[in-house]
Amino acid sequence: MGKMKIFRIKFLNCLLVIVTLLVYQGYALQREKEVQAFNKKNREEKRAWEKESIRLSGGLRKAMYSDGEYEGEGKGFGGPISVKVVISNDEIQSVKIIAAKDETPEYVEMMDSLTEEIIAGQSTDVDVISGATFSSKGVLEAVNNALSKAGKK
């Protein structure tokens, strides 16, 4: 009976540790979503303030980019990543990954949220994706490369 009691105690301890880890993981994921939502809201508010500032100044801000489609390349985890950036009315309208043949497909899928943040913030000054850091940096490098081609001469 003594061995069975020890087994139950160890089993309950293991179960308690597992439950604690699961609760913590759920909390951490929820917290990460809250932080991302907060950051997105801040970027949107900043963009709204910038647009209002431009409107109030009579649109005196000099355009940064020429309208058009521009391609850029960056170095990701598995190799080169190519993107196409569409600029219209001095704004980033879309960012599309057009080639990343040596990247892990799951990482490439994760880049959708990164490109959405670039468009929402109208900037490549965004957080990289945890777990896909090198791929994220490759996409940001590619977008910066394309934007440098779109810059006013």
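Predicted model: local features only at pLDDT ≥ 70, side-chain atom pairs only at ≥ 80, totals over all residues.
**Helix α3 and its cover**

- Quite a few α3 residues are buried: Ser135, Ser136, Gly138, Val139, Leu140, Ala142, Val143, Ala146, Leu147 and Ala150.
- To count as buried here, a residue has to have under 20% relative accessible area.
- What sits over those buried residues? The cover includes the strands β1 (68-75), β2 (80-88) and β3 (91-99), along with helix α2 (105-121).

**The sheet**

- Three strands make up an open sheet, lined up as β1-β2-β3, with antiparallel pairing.
- The edges belong to β1 and β3; each has a single partner strand, so one side of each goes without a neighbour in the sheet.
- Going from one strand to the next, the twist averages 25°.
- As for how strands hold on to each other, sheet strands pair through backbone hydrogen bonds, in either a parallel or an antiparallel way.
- How many bridges join β1 to β2? There are 8, and the two strands run antiparallel.
- If you want a spot to look at in the structure, find Tyr70, which stands opposite Val85 in β2.

**Overall layout**

- The protein has 3 helices and 3 strands.

**Shape and surface**

- A compact globule of 153 residues would come in with a radius of gyration near 15 Å, but this protein has 23 Å.
- Along the principal axes, the C-alpha trace spans about 85 × 40 × 15 Å.
- Buried residues account for 25% of the 153 residues in the protein.
- The protein exposes about 10,900 Å², and 58% of that is supplied by carbon and sulfur atoms.

**Contacts along the chain**

- What share of the contacts with a separation of 6 or more comes from residues 24 or more positions apart? In this protein, they account for 50%.

How values were computed:
Residues numbered from 1 in each chain as written. Heavy atoms only, no water. Buried < 20%, exposed > 50% of the residue type's maximum accessible area, 1.4 Å probe, protein only. Helix = DSSP H or I, 4+ residues; strand = E, 2+ residues; numbered from the N terminus. Contact = heavy atoms within 4.5 Å. Pairing = 2+ DSSP bridges. Axes fitted to C-alpha atoms, helices over the stretch in contact; angles between N-to-C directions. Rg over C-alpha atoms; globule rule 2.2 N^0.38 Å. Areas by Shrake-Rupley, 256 points an atom, 1.4 Å probe, with all protein chains shown as cover.
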